[in-house]
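Hello,

Here is the structure for you to look over. My notes follow below it.

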Amino acid sequence: MAEVNRLHFNEEASSYDAKHSKLNERLTEEIQARLDWIGVEWADIDDDDDSSEDEDEPDKSEDGPEKRHKSSQPKREVRLLDYACGTGMMTRALAPYTTQCVGIDISENMVAAYNARAEYQGLSADEMHAIVGDLGAAEGPRPADLLAHPRLCSGLFDVATVGGGLHHFADPELAAERLGQRLRPGGVLLVWDFLPHGPRHAHARGSHSVLHHGLSEDRVRALFERAGVGEGFALVVLGSGVSPGHGLGHDDGEPVKRQVFLARGQKAA
């Protein structure tokens, strides 16, 4: 199944952000509105030196969260591990509040897109960088030396994220357990995914890479607890349903709508 996912997302990488732009914008807004709820002790950002410039200069569309992340002066180190990172939507949502972002994805094309966006924003590899890998392989992380990579062996993480990836994993519970091992005591696991829903049409694009038609709150709670990150578990449903993006098929002629949730839990301190 890992190879199916790799090939599918390699094909999708170049158009992924355009297809899912509305969903990504919505999720970014929802996540950034819940920073206290997520429960990470975020980096202190001191923007006082730039305040006068900010008032005089209009906001530039090119200056996304990554740009603000670089220009600010963080006082506290906060490390983010973005698993199944894709092009980096979860990273970009939380980058302004962290000091280092590390992405992992099975798709080399997604990793290339993630890193290209970071470079375009003028960020160094120490600030934001993704690598190709699979933490959730049954036989152990792949490649075998993945955890020896300098980005991963230099310390534990304050927050780990999975954005819309659990329903593609052969074993979501195992993946969450491996992520929990990469968190420091008190670290937080944050995921978004879909609540249970009917299967998509077999001809719908990407349907062959979907292994779970959503996850129930009970399953997600148990997943967090098994991974050792169940402390303070909470799950919120976002609105009345969202469209995952075009090109994903339709149900009875209507655009696909899914119930999206955010869930968080903490590793015991």
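**Salt bridges and buried charge**

The whole structure holds 14 salt bridges, each a side-chain nitrogen of Lys or Arg within 4 Å of a carboxyl oxygen of Asp or Glu. This is a predicted model: local features need pLDDT of at least 70, side-chain atom pairs count only at pLDDT 80 or more, and totals for chains, interfaces and linings use all residues. Residues are numbered from 1 along each chain as its sequence is written, and side-chain values use heavy atoms, with hydrogens and water left out.

Aspartate 158 bridges to arginine 184, closest N and O atoms 2.6 Å apart. Aspartate 158 sits in strand β6 (residues 157-163) and arginine 184 in strand β7, so the pair ties together parts 26 residues apart in sequence. Strands here are DSSP runs of E, at least two residues; helices are runs of H or I, at least four; both are numbered from the N terminus. Aspartate 158 is buried at 11% relative accessibility. Arginine 184 is partly exposed at 28%. The cut-offs: buried is under 20% relative accessible area, exposed over 50%, partly exposed in between (1.4 Å probe, protein chains only).

Glutamate 3 and arginine 6 also form a salt bridge, 2.7 Å from N to O. They are three residues apart in helix α1, about one helical turn. Glu3, Arg6 and Glu108 are linked in a salt-bridge network.

Now look at arginine 178, in helix α10 (residues 172-181). Arginine 178 is buried but has no salt bridge; the nearest side chain of opposite charge, aspartate 134, is 6.6 Å away. Lys and Arg count as positive, Asp and Glu as negative; His and the chain ends are not counted. The backbone oxygen of alanine 137 lies 2.9 Å from a polar atom of the arginine 178 side chain.

Regards

Technical notes
Polar contact = N/O pair within 3.5 Å; in protein donor to acceptor, adjacent residues only side chain to side chain.
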